[in-house]
Amino acid sequence: MGALDYVEADTVFHRMNPLTKLFLAVMLCVGCIITDTVLTQTLFFLGLLLIAKIGHVLPNVLSLLKKLSVACGFILVLQILFIRQGNDLFLFITDKGLISAYIVTMRVLNAATAMTMVLMMTKMTDLANALVRNLGMSYRYAFIVTTAFRFIPILTDEMHEIMEAQTARGVEFDTGNPIKKMQLVLPICAPLLINAIRRTDSSAVAAETRGFYLRTRNSGYKEYPFAARDLICMTISVLLVVACVFGNIYLKPLPFVI
């Protein structure tokens with residue numbers, strides 16, 4: 001809750017063109033997927049925390065990482081269990097399995113952090129309008145993309161409201177039994193789905209009354225020009241991916257790099 005909300009601030013990242021921030025997030029995801037060592041994945045993670053600090057979204061990022069810790073821990077355990085190559089360290093754990101588990105987990109963590117930071121530092125309306133204004137994308141498709149991101153925190157809030165209502169009626173969601181907890185969570189899907197359908201229908205009616213089908217590329221009043229900071233950010237993003245490629249070629253064979 002609140003991890004994907006827009007954070008109001010006046011930083012260099014907030015002043016960038018929304019497309020520049022989207023390009024930066026994509027390049028960061030590509031870079032963390034390409035890198036294949038513990039060192040580079042760790043540096044990527046520290047770099048993302050530095051960007052979050054500069055963009056004044058570090059508390060939100062840490063909150064997101066806390067929420068992702070359970071899923072990442074599950075991925076880590078699966079990788080350790082199923083990768084049997086390498087030397088045995090302890091019981092069924094091997095050195096290659098441990099290294100591979102760390103790299104895969106950090107890839108998921110870094111990619112998720114990079115993409116969600118764009119949402120924290122960019123208004124969805126600005127992103128949709130920039131896609132239409134600068135890229136010539138149809139407003140329908142831009143609206144679909146941004147609305148999907150906007151509905152994530154809304155549905156999360158509604159789910160918590162339903163859980164609180166059922167808790168007030170005596171349902172115990174704090175049980176430690178995962179099977180029982182799954183049985184308690186599944187009934188929430190029905191009212192959540194009904195609320196989502198109602199919200200979708202009301203949103204469609206509201207969009208039509210505001211002339212949704214009349215919008216064109218020139219309907220928006222706000223301009224999204226590219227400044228020098230946008231060019232610098234895009235250049236650094238491309239150089240980062242190139243550095244990741246050369247790092248895999250020349251860094252990985254070194255004995256001190258794992």
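Here are some notes on this predicted model, going from the overall layout to individual residues.

1. Let's start with the fold. The protein chain has nine helices and two strands, and from the N terminus its elements follow the order α-α-α-β-β-α-α-α-α-α-α. Along the principal axes, the C-alpha atoms fill a box of roughly 65 × 60 × 30 Å.

2. Next, packing and surface. Of the 258 residues in the protein chain, 34% are buried. If you look at contacts between residues at least 6 apart in sequence, 73% of them join residues at least 24 apart. The chain exposes about 15,500 Å², and carbon and sulfur atoms supply 69% of that area.

3. Asp-5 sits in the segment before helix 1 (18–34), and it counts as partly exposed because its relative accessibility is 35%.

4. Side chains of opposite charge can pair when their charged atoms come close. The count here comes to three salt bridges. One of them joins Asp-10 and Arg-15, at 2.8 Å from N to O. Asp-10 counts as exposed, at 61% relative accessibility, whereas Arg-15 is partly exposed at 41%.

5. Another salt bridge pairs Arg-107 with Asp-36, with the closest N and O atoms 3.3 Å apart. Arg-107 belongs to helix 4 (residues 95–121) and Asp-36 to the loop between helix 1 and helix 2, so this pair ties together parts that are 71 residues apart in sequence. Both partners are partly exposed: Arg-107 has a relative accessible area of 23%, and Asp-36 has 27%.

6. Arg-133 and Glu-223 also meet in a salt bridge, at 2.5 Å from N to O. Because Arg-133 lies in helix 5 (residues 124–135) and Glu-223 in the loop between helix 8 (189–209) and helix 9 (228–250), the pair ties together parts that are 90 residues apart in sequence.

7. Most residues other than glycine have a negative phi. His-56 has a positive phi of about 60 degrees, although it is not a glycine. You will find His-56 in the loop between helix 2 (38–54) and helix 3 (58–82).

How values were computed:
Residues are numbered from 1 along each chain as its sequence is written. This is a predicted model: local features need pLDDT of at least 70, side-chain atom pairs count only at pLDDT 80 or more; totals for chains, interfaces and linings use all residues. Side-chain values use heavy atoms; hydrogens and water are left out. Helices (H or I, at least four residues) and strands (E, at least two) are DSSP runs, numbered from the N terminus. Buried means under 20% relative accessible area, exposed over 50%, partly exposed in between (1.4 Å probe, protein chains only). Contact means heavy atoms within 4.5 Å. Accessible areas come from the Shrake-Rupley method with a 1.4 Å probe; for residues, only the protein chains shown count as cover. A salt bridge is a side-chain nitrogen of Lys or Arg within 4 Å of a carboxyl oxygen of Asp or Glu.
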